Amino acid sequence: MIFAVLVKHTESRIGALLEQKFPNDSYKFAPNAWFVSAPGASSKDLWDKLSVPAPYTESDVTVITRLTGHYGVAESSLWEWIATKGSVQPTPSASFSDGTS
């Protein structure tokens, strides 16, 4: 399963925890947004695996939701990452060139 992890603040410790706990299964989409592959997990399971230490602060405000489909315009590397991680209903999506290839 693939999840979108949205963090309210870019200064949050959540990003570092995601990259530490899911080094090969996370895709940083924006400064405060990641996609995470966690087969068989629920949103709560993913949060628990992050082991965010309490007490929580304003910078820990996070929403985790499972992707059941997708559509949009993004870098081709995102669509490729989603395709390799599987378990999301594919929908033709558009890519754009960021000028790096």
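## Terms and basis

Buried means under 20% relative accessible area, exposed means over 50%, and partly exposed lies in between, with a 1.4 Å probe and protein chains only. A salt bridge is a side-chain nitrogen of Lys or Arg within 4 Å of a carboxyl oxygen of Asp or Glu. Helices (H or I, at least four residues) and strands (E, at least two) are DSSP runs, numbered from the N terminus.

This is a predicted model, in which local features need pLDDT of at least 70 and side-chain atom pairs count only at pLDDT 80 or more, while totals for chains, interfaces and linings use all residues. Residues are numbered from 1 along each chain as its sequence is written, and side-chain values use heavy atoms, leaving out hydrogens and water.

The structure holds 4 salt bridges. Among them is the one between Glu 58 and Lys 8, whose closest N and O atoms are 3.1 Å apart. This pair links distant parts of the chain, 50 residues apart: Lys 8 is in the loop between strand S1 (2-7) and helix H1 (14-21), and Glu 58 is in the loop between helix H2 (43-50) and strand S4 (62-66). Glu 58 is partly exposed at 46% relative accessibility, whereas Lys 8 is exposed at 52%.

Arg 13 forms a salt bridge with Asp 60, with 2.7 Å between the closest N and O atoms. Here too distant parts of the chain are linked, 47 residues apart, with Arg 13 in the loop between S1 and H1 and Asp 60 in the loop between H2 and S4. Asp 60 counts as buried because its relative accessibility is 4%; Arg 13, at 31%, is partly exposed.

Lys 44 and Asp 48 form a salt bridge at 2.8 Å, N to O. Both residues lie in helix H2, 4 residues apart, which is about one turn of the helix. Lys 44 is exposed, with a relative accessible area of 53%, and Asp 48 is partly exposed at 39%.
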